[in-house]
Amino acid sequence: MPDTDTLLAGVAEIDITPPVGTFLAGSLKPRHSTGIEDPLYVKAISIQSGKNKLVYVIFDLIALDRNTAEQGMKLTYEKTGILPETIVWAASHTHTGPYTGGLFFDESLLDRKWLNTIPEKMAQCIAMADKNKKVVRFSKLRSFHYGLSHNRRILFKNGRVINTWLLHNAPEDVQSIGSAGPIDPEIGIFCFEDMEGMPVAIIFHFTLHTNTNFGSKFSADYPGVVAARIRERFGPDVITLSMPGACGDINSTGLRYRQVGDALAEKIISALETRKPETRPVFLGVKKCEVTVPIRDFSVDQTDRIASSGWDEESQKVFFNELEIMRKTGRKEDTTVLQAWCIDDVGFASLPGELFVEWGLKIKKESPFPFTYPVELGGDYLGYLITHKAWQEIGYEALIARSARPAPEGVEKMVQRVIEMLFELYREKGERK
């Protein structure tokens, strides 16, 4: 057993790219994949400080359901003895990856044979990362980039919102009055380096939708570009893991994925050049809990909401179909999982869907940790996690679909609970000094 002053970390990645020809998710209409621009991976980092262990896993996928990942955690325990409660995970939300669940699709678009390989590959990746552990030093850094993102919801004088890619359908007789919300330009950067000073693993956090590559080939989008650039600078053995920020309402300013990735990589690499590793013990903590939240009210007629969102008539049919699918389930609530963890004085809070930036900023503001980073699409997938204000303004994310299930009061409940979990971790950190 390592002593309490020793920090260990190991990292691994496994290719999970489906066969070419598999349908691509990320739009209202399916697209056949025609090749591989860059591979999709599952990546894992296993961190240990004394008796405490934390495993973070990121999938280059648009989303992943709780059951699939929990199968992977069960297999991990069987292979390694690593407890599921020490494993936290998220999906990168790439829009040039395969279907993984109910996202505007029918069953024929889903490659079940491929999806069934994900739990075993998750377990293999974690086992490899854990086996690769070595003594490391930890650095936390940050940077900012203001030119990559915008709030993709535009507010009009009638109180309604139109998403930026639908502005050609905005009402001509109503003036716009600016963005409906803020952005979050902060880049969180975390480095684990060996005792010779060579980075072993880099984790970066940024608040930007992973939809900057909308081509026909498999791609990890801008996180894949960042990973490649960091390898160019620090060597072929370093593995970079992304953490998706609260970007449910945040899109690129128009730059494509290589431009975005290059711009982020320059900021990250510049910050890494100034790193000063911690020499004191590093505290690790993990919390998970289940929560039941209400689904949006689909008993009320949605015709006006769908029509005013800006989608054309053909696309509106997709949402009426989604609404009917939701009605047939008869479900009024979802039970899901929340995750919170910390690495020293940095807290992380993960929610199971596409979290609006306003909620992410609230978590950062109210957390007791000096630095906190909200992570979306973690632990499960319930779809868009919108605000009360966004529900009133409508727009794409405030419709009702399998990719847009939780009611705003349910999202508020989740946000408040992860903030409580951060306070619990912070108290535990203080007690173990």
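Throughout these legends, Ala, Val, Leu, Ile, Met, Phe, Trp, Tyr, Cys and Pro count as nonpolar, Asp, Glu, Lys and Arg as charged, and the others, Gly among them, as polar. The model is predicted, so local features need pLDDT of at least 70 and side-chain atom pairs count only at pLDDT 80 or more, while totals for chains, interfaces and linings use all residues. Residues are numbered from 1 along each chain as its sequence is written, and side-chain values use heavy atoms, with hydrogens and water left out.

View 1. A pocket is an open set of points on a 1 Å grid over the protein atoms alone, where a 1.4 Å probe fits, with protein on both sides within 12 Å along at least five of seven lines; lining residues have an atom within 4 Å of a point. Grid points are joined across faces, edges and corners, and a volume is the space filled by probe spheres set on the points. The largest pocket holds about 670 Å³ of space. It is lined by 30 residues, and Asp-65, Gly-102, Asp-380, Tyr-381 and Arg-405 are the closest to its centre. Two or more lining residues come from each of α1 (66-80), α2 (112-115), α7 (313-329) and β20 (333-343); helices (H or I, at least four residues) and strands (E, at least two) are DSSP runs, numbered from the N terminus. With four residues, α1 gives the largest share. By class, the lining has 12 nonpolar, nine polar and nine charged residues.

**View 2. Lining of the second largest pocket.** About 560 Å³ of space lies here. Of the 30 lining residues, Gly-26, Ser-27, Leu-28, Phe-214 and Trp-311 lie nearest the centre. The elements giving two or more residues to this lining are β18 (250-252) and α7, and the largest share, three residues, is that of α7. The lining divides into 14 nonpolar, 11 polar and five charged residues.

**View 3. The largest nonpolar core.** A nonpolar core is a set of buried Ala, Val, Leu, Ile, Met, Phe, Trp, Tyr and Cys residues joined through side-chain atoms within 4.5 Å; buried means under 20% relative accessible area (1.4 Å probe, protein chains only). The largest such core has 50 residues, and Phe-319, Leu-338, Leu-351, Leu-355, Ile-363, Met-414 and Val-415 have the most contacts inside it. Elements that each supply at least two of its residues include α7, β20, α8 (357-366) and α10 (408-431). The largest share, eight residues, belongs to α10. Apart from this core lies another, of 38 residues, among them Ile-62, Ile-87, Leu-115 and Cys-125.

**View 4. Surroundings of Ile-363.** Contact means heavy atoms within 4.5 Å. Beyond its neighbours within four places in sequence, Ile-363 is in contact with Ala-349, Leu-351, Leu-355, Thr-372, Pro-374, Val-415, Val-418, Ile-419 and Leu-422.

**View 5. Strands β21 and β23.** Two strands pair if DSSP finds at least two bridges between them. Five bridges join β21 (residues 346-350) to β23 in the parallel sense, with Ser-350 opposite Val-375. In β23 (residues 371-375), four of the five residues are buried.

**View 6. Strand β6 and its two partners.** Seven of the eight residues of β6 (residues 52-59) are buried. Strand β5 (residues 41-49) pairs with β6 in the antiparallel sense over eight bridges, and Ile-45 stands opposite Tyr-56. Two residues lie between the strands of this hairpin, where Gly-50 takes a positive phi near 60°. The pairing of β6 with β7 (residues 87-91) is parallel, over five bridges; Phe-59 has Ala-91 as its bridge partner in β7.
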